[in-house]
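I want to look up a few things here and jot them down as I go.

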Amino acid sequence: MRDTGAKVPITFACGVYDRMQALFTGEVQAEGIDLNFINIDAPRIIFDRMSGKQEFDVAEMSSSEYITRLSAGQCPFVALPVFPSRAFRHGFIAINARSGIRSPKDLEGKRIGVPLYTMTAAIWIRGHLEHDYGVDLSNVHWVEGSINSATSHGQPTVLPMLRDVPITRNQSGKSLSQLIDAGAIDTIIGTSLPVSMRHNPDIVRLFPDFRETEKEYYRRTRHFPIMHCIVIRRSTYEAHPFIAASLYRAFCESKQVAIKHMRYIANPRYMLPWMHDDLDEIDAVFGGDPFPYGVEAGRHNFEAFMQYMVEHGIIRAALPVDDLFADVGNSGLK
């Protein structure tokens with residue numbers, strides 16, 4: 001049983017998203033925990049520091065990196081069914097039209113830039129292309145590197161792939177954006193768009209009407225792709241197992257505070273001129289809360305995601321979704 005005296009000091013690294021802001025300000029507090037919220041707005045930095053050196057007690061984490069480690073039996077973390085980042089990815093496929101790409105099938109056999117082949121966003125995009133559009137990616141050559149700088153995508157600690165994939169590290173001294181601008185690669189997928197789109201009219205999105213494409217995808221599949229989860233350092237969790245349920249309740253409460261603030265449209269909280277219309281659309285498409293937490297809220301998502309990970313040679317077999325997460329009790333929160 002937990003000591004009900006002094007609070008347990010916990011470091012937590014995450015971006016200050018709207019759904020996390022009440023925790024950052026202290027408006028919401030986790031019972032029994034003295035939370036030191038460390039704001040890092042670059043998720044890659046958090047992942048690298050957590051995976052490489054386990055620098056924090058709790059942190060935002062790439063779903064693919066967590067699942068890969070858990071599948072390999074080399075995971076020093078336990079996860080909470082809290083999903084601070086979800087993102088549709090159809091709008092993050094940039095093409096150079098001079099390469100003759102007019103439809104998804106035209107990506108076959110091309111040179112495609114990607115920050116990291118095993119990153120969550122890239123797995124989802126490949127899953128979309130293969131399963132929804134019948135794209136055969138087996139003869140694609142992948143070029144890994146940062147999209148808008150001539151560097152690698154952080155310093156990830158990535159486990160070896162389970163099968164050979166034709167991947168070249170970009171050591172050209174140019175960014176992927178510069179490479180697609182020059183026609184050295186044909187496409188870029190990932191978490192951002194190449195800045196060369198601003199001056200080169202041939203560099204465009206594969207799905208120009210991506211918002212409608214993504215809404216149709218959601219209506220058909222019910223997937224709003226989960227990018228990140230929250231992980232606890234296993235040694236911290238084993239020393240203080242109560243923190244899983246306490247943190248989960250606090251994350252849920254913080255999200256509800258954000259939703260309440262977002263819906264006060266008399267004085268819009270965000271610089272979105274038609275936010276009232278966006279809120280109507282959220283209600284129509286998602287039923288009110290597009291960021292639900294909890295195992296059941298993530299089950300369908302992770303079943304598909306792990307299927308893609310197996311198909312791409314990242315994990316050997318899908319894990320039971322329930323085995324991904326710590327027990328947070330029957331709180332009824334989401």
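**Entry 1: helix H3.** I started at the end of H3, where Gly73 follows the helix with a positive phi, near 70°. A reminder to myself: this is a predicted model.

**Entry 2: the cavity.** About 90 Å³ of space lies in the largest cavity. Which element gives the most to its lining? That turned out to be H3, with 4 residues. I wrote down the lining of the largest cavity: Ser64, Glu65, Thr68, Arg69, Thr118, Thr157, Val158, Leu159, Met309 and Ile314. By type, this lining divides into 4 nonpolar, 4 polar and 2 charged residues.

**Entry 3: the pocket.** Then I went for open space. The largest pocket comes out at about 1,000 Å³ and is lined by 32 residues. Nearest its centre I found Arg86, Phe224, Ile282, Pro290 and Phe291. Elements giving two or more residues to this lining are E4, H6 (210-221), H8 and H9 (275-286). H9 has the largest share, with 7 residues. I sorted the pocket lining by type and got 19 nonpolar, 2 polar and 11 charged residues.

**Entry 4: cores.** The largest nonpolar core holds 69 residues. Which of them touch the most other members? I got Met20, Tyr66, Leu80, Phe251 and Phe302. H8 supplies the largest share of this core, 8 residues. I also picked up a second, separate core of 20 residues, with Ile95, Leu107, Ala122 and Val165 among them.

I followed up on Phe251. Leaving out residues up to four places away in sequence, Phe251 touches Phe12, Arg19, Met20, Leu23, Leu80, Val82, Ile230 and Tyr293. Met20 and Leu80 from that list are, like Phe251, among the core residues that touch the most other members.

**Entry 5: Phe242.** Phe242 sits in the loop between H7 (234-239) and H8 (243-262). Buried or partly exposed? Phe242 counts as buried because its relative accessible area is 19%, and the cut-off is under 20%. I also checked Phe242 against Gly32: the two are 210 residues apart in sequence, yet 8.6 Å apart in space, C-alpha to C-alpha.

**Entry 6: cysteines.** How many disulfides does the structure hold? I found 0. Cys14 is in none, and the nearest cysteine sulfur, that of Cys229, is 11 Å away. Cys229 is in no disulfide either; for Cys229 the nearest cysteine sulfur belongs to Cys75, 8.9 Å away. Cys14 counts as buried because its relative accessibility is 0%, and Cys229 counts as buried at 2%.

Notes:
Residues are numbered from 1 along each chain as its sequence is written. This is a predicted model: local features need pLDDT of at least 70, side-chain atom pairs count only at pLDDT 80 or more; totals for chains, interfaces and linings use all residues. Side-chain values use heavy atoms; hydrogens and water are left out. A disulfide is a pair of cysteine sulfur atoms within 2.5 Å. Buried means under 20% relative accessible area, exposed over 50%, partly exposed in between (1.4 Å probe, protein chains only). On a 1 Å grid over the protein atoms alone, a cavity is a set of points where a 1.4 Å probe fits but cannot get out, and a pocket is an open set with protein on both sides within 12 Å along at least five of seven lines; lining residues have an atom within 4 Å of a point. Grid points are joined across faces, edges and corners, and a volume is the space filled by probe spheres set on the points. Ala, Val, Leu, Ile, Met, Phe, Trp, Tyr, Cys and Pro count as nonpolar, Asp, Glu, Lys and Arg as charged, and the others, Gly among them, as polar. A nonpolar core is a set of buried Ala, Val, Leu, Ile, Met, Phe, Trp, Tyr and Cys residues joined through side-chain atoms within 4.5 Å. Contact means heavy atoms within 4.5 Å.
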